[in-house]
Amino acid sequence: MGGNGSKIVGINAGGTALTSVAVTGTGSVVLATGATLVAPLLGTPASGVLTNCTGLPINTGVTGLAAGIATFLGAPSSANLAAAVTDETGTGALVFANGNIGAATATSVNKLAITAPATGSTLAVADGKTLTASNTLTLTGVDGSSVNVGAGGTVAYGAVATQADQETATSITAYVTPGRQQFHPSACKVWCKADTAGAIQASYNMTSVTDNGVGDITFTINVDFSSADWCAQITIIGATSSSYANVVAGGQAAGTLRANCRIESVGGLSDPLNWFFAGFGDQ
Amino acid sequence: MRKIIYTRPDGGLSVVSPVINTLGEREDFTEAQAEQRAWDALPSDAINPQFVDASAIPADRTFRGAWTHGGDKVAVDMGKAREIQAQRLADTAHADALAAQKQAARDAVDMTAINAAATPQDLIKLSADVVAGATVKTGA
């Protein structure tokens, strides 16, 4: 067996005759098992298993990677990861569990709105504690709004007082709202100040004032009493020192009160300078 | 805001002033709503109720008792006005006469016994005969 640099002599496949074979490269002849190649140019192998190969350069040795992936694999920084990912949100460094998220700029987390503070604000829940708002917890827009509960304290309240609660007037847990406080037995249900001709200067729960004649007036209430049995207060600033006011007999109904002003010395009707009227009872 | 006038069954005229309460009223409550509320609360026996301009109500109440329904204004029943004025003059004349009578009676009091009284009890014991200048009785 021998060669001249471009061919070698070998035995043909059937092992029956010598033949010459073209060669490439230099050095020793390579056999199938255990051979060591030095700087071979493999071309494009049809297949192969690279289990024990090393030194593959990631930037140039791997194809099919998306933009930025090779860069991230070569330099795995948060910025390079963000550049490689196509649908990220937010900026800054990658955060892991138990990490510090730093200065968050998110304005909502699962529908919980957090407005970025101009200077500094704190929402803190201590370890093992719970902050729960099943319905609505609102502190909006007014400086000084606060809910402060001292150590060991609680905030507990019952339902809004109903009209019946107010009229019963015994609950010490229900709280009163402005729209129902007037139902309490001690509350004034209607009042007004009117002039001679019935023009009102100030009033609450009135519908109208009727001038029936000299010293004769009818007060008409907006939300009536539940019956004609309620306590009426009527007084005047009289035109004379002996003027006085009285409720006209039969002049009280659930929604009206008729009153007269008279001069004591003569008993006749007389216009006062002002009428004052108030009523207490059940509505 | 307009007013409502109507005639009562007794013949008198009532003037209704609708109210927008100064406290406890809804902020958007209007004059029109106040007028309607007053209208709805009129007594069932109101006769010929009608809205009138506030200027249709006389400011002078001298003959308030003679006011009557004048359609879109308040009119004055002159017959009633005359009666009112006649009664007013009679009352004044009666008061003047009563005052003169009282002064005459006061002038007729003989002050001798009154001046002689030394104690409040002495004054109490004096009888009305003193007014006529009769014999003064000083009691027991």
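This is a predicted model: local features need pLDDT of at least 70, side-chain atom pairs count only at pLDDT 80 or more; totals for chains, interfaces and linings use all residues.
Met206(A) stands opposite Ile221(A) in S8(A). Strand S7 of chain A covers residues 206–213, and S8(A) covers residues 216–221. The two strands run antiparallel and are joined by six bridges. Together S7(A) and S8(A) make a hairpin with two residues between them. Gly215(A), in the turn of this hairpin, has a positive phi of about 60°. S7(A) is largely enclosed by the rest of the structure, because eight of its eight residues are buried.

Is Asn205(A) buried or exposed? Its relative accessibility is 7%, and because buried means under 20%, Asn205(A) counts as buried. The side chain of Asn205(A) reaches the backbone nitrogen of Val223(A) at 2.8 Å. Leaving aside residues up to four places away in sequence, Asn205(A) touches Lys189(A), Val190(A), Ile221(A), Asn222(A), Val223(A), Gln283(A) and Asn21(B). Ile221(A), one of these contacts, is also the residue that stands opposite Met206(A), while Asn21(B) belongs to the other chain.

S7(A) also pairs with a strand of chain B. Four bridges join S7(A) to S2(B), residues 13–18, and these strands run antiparallel. Within this pairing, Ser208(A) stands opposite Pro18(B), and Val209(A) stands opposite Ser17(B).

Turning to the interface as a whole, 21 residues of chain B are in contact with 24 residues of chain A. The two chains bury about 1,600 Å² between them, with 45% of it on carbon and sulfur atoms. On the chain B side, Val19(B), Asn21(B) and Arg61(B) lose the most area to chain A, together 31% of what that side buries.

Between chain B and chain A, 15 residue pairs are in polar contact, and three salt bridges are found. One salt bridge joins Asp211(A) to Arg61(B), whose closest N and O atoms are 2.9 Å apart. S2 and helix H1 (31–40) of chain B each supply at least two residues of the side that touches chain A. S2(B) gives the most to that side, with six residues. By type, the residues of the chain B side comprise 11 nonpolar, six polar and four charged.

Key. Residues are numbered from 1 along each chain as its sequence is written. Chains are lettered from A and ligands numbered from 1 in the order in which they are written. Side-chain values use heavy atoms; hydrogens and water are left out. Buried means under 20% relative accessible area, exposed over 50%, partly exposed in between (1.4 Å probe, protein chains only). A polar contact is a pair of N or O atoms within 3.5 Å; within protein, one must be able to donate a hydrogen and the other to accept it, and residues adjacent in sequence count only if both atoms are side-chain atoms. Contact means heavy atoms within 4.5 Å. Two strands pair if DSSP finds at least two bridges between them. Buried area is the accessible area (1.4 Å probe) that two parts lose on being put together, summed over both. A salt bridge is a side-chain nitrogen of Lys or Arg within 4 Å of a carboxyl oxygen of Asp or Glu. Ala, Val, Leu, Ile, Met, Phe, Trp, Tyr, Cys and Pro count as nonpolar, Asp, Glu, Lys and Arg as charged, and the others, Gly among them, as polar.
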